[in-house]
Amino acid sequence: MEFQVVPSDATEIHNEELTAGEISQLNAYRKARAVAKKFPDALVLGADTLVYLDTALFGKPANAEDAYRMLKQLQGQTHQVVTGVCLMQLRSHRQRIFSDSTDVTFRTLETEEIRNYLALINPLDKAGGYAIQEHGAQIVREISGSFSNVVGLPVERLKQELLAWSR
């Protein structure tokens, strides 16, 4: 399958009255729709990933100290990573929206371990301020669910949805 990466200019919504799954699906829809307007005949995929612990949402950190604060809160805890995905073909008025969730447990981390980890990655474009695919073993103890979902796209679920789409 040929594809093209087209960044969306849609503004991400964060509404405390919605669940992380609802927010991520809404943002995925908004991203897909913005791109689909430019490519109405294409099958467009939009995705949005959020990290949450209990009821606290962790989007992309505003700065390095915000990233540190997030990792400090997440250390020693099990949190959830949810990715909303929207498949859309505007011309045919078809769309499919879904989300996937993965439990991630962080190791107990000392201040220096958090600082060292943040020095290895750019946390500012990552929900929760971390990337499991970039030195994740330094902070993550275990995951339960899709690894690719934590990276930002639940590939296993996407494969099922694309097969159903093509029928």
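Which exposed residues sit on the face of helix 3 turned away from its buried side? The first legend below answers this, and every view shows a predicted model.

**View 1. Helix 3 has a buried side and an outward face.**
Start with the buried residues of helix 3, which are I114, Y117 and L118. They cover an arc of only 95° around the axis, so they are on the same side of helix 3. Here's the handy bit of background: an α-helix has 3.6 residues a turn, so residues three or four places apart point the same way. Helix 2 is part of what covers these buried residues of helix 3. Now for the opening question: the face turned away from the buried side carries E112 and A119, both exposed.

**View 2. Strand 3 pairs with strand 1 and with strand 4.**
How many bridges join strand 1 to strand 3? There are 9, and the two strands run antiparallel. Look for G46, whose bridge partner in strand 3 is C86. Strand 3 also pairs with strand 4 in the antiparallel sense, this time over 12 bridges. In that pairing, L87 stands opposite R96 in strand 4. Strand 3 is mostly covered too, with 11 of its 12 residues buried.

**View 3. Strand 4 also joins strand 5.**
To find your way around, pick out T105: its bridge partner in strand 5 is E142.

**View 4. The largest nonpolar core has 23 residues.**
As general background, nonpolar side chains tend to be buried together in soluble globular proteins. In this core, F106, Y117 and Y130 touch the most other members. Strand 1, helix 2 (64–74), strand 4 and helix 3 (111–120) each give two or more residues to the core. Helix 2 provides the largest share, 5 residues. Apart from this core lies another one, of 7 residues, including A28, V35, C86 and M88.

**View 5. F106 and Y130 form an aromatic pair.**
A search of the whole structure turns up 1 aromatic pair, and F106 and Y130 are its two partners. In general, a pair of aromatic rings is described by the distance of the centres and the angle of the planes. Here the rings are 4.8 Å apart centre to centre, with 75° between the planes, which makes the pair edge-to-face. F106 is in strand 4, while Y130 is in the loop between helix 3 and strand 5. The pair links distant parts of the chain, as its two residues are 24 residues apart. Are these two buried or exposed? Both F106 and Y130 are buried. Besides Y130, F106 touches several residues beyond its sequence neighbours, among them L71, L74, I139 and V140.

**View 6. I97 is a partly exposed residue of strand 4.**
The relative accessible area of I97 is 26%. Setting aside neighbours within four places in sequence, I97 is in contact with Q25, Y29, V85 and C86. Along the chain, I97 and T111 are 14 residues apart, and their C-alpha atoms are separated by 39 Å.

**View 7. Two histidines, H93 and H135, have a positive phi.**
Most residues other than glycine have a negative phi. Where does H93 lie? H93 is in the loop between strand 3 and strand 4, a hairpin with 4 residues between the strands. Its phi is near 60°. H93 counts as exposed because its relative accessibility is 74%. H135 belongs to the loop between helix 3 and strand 5. Phi of H135 is about 60°, although H135 is not a glycine. H135 is partly exposed, with a relative accessible area of 40%.

Terms used: Residues numbered from 1 in each chain as written. Predicted model: local features only at pLDDT ≥ 70, side-chain atom pairs only at ≥ 80, totals over all residues. Heavy atoms only, no water. Pairing = 2+ DSSP bridges. Core = buried A, V, L, I, M, F, W, Y, C linked by side-chain atoms within 4.5 Å. Buried < 20%, exposed > 50% of the residue type's maximum accessible area, 1.4 Å probe, protein only. Contact = heavy atoms within 4.5 Å. Arc of directions from axis to C-beta. Phe/Tyr/Trp six-rings, centres within 6.5 Å; stacked < 30°, edge-to-face > 60°.
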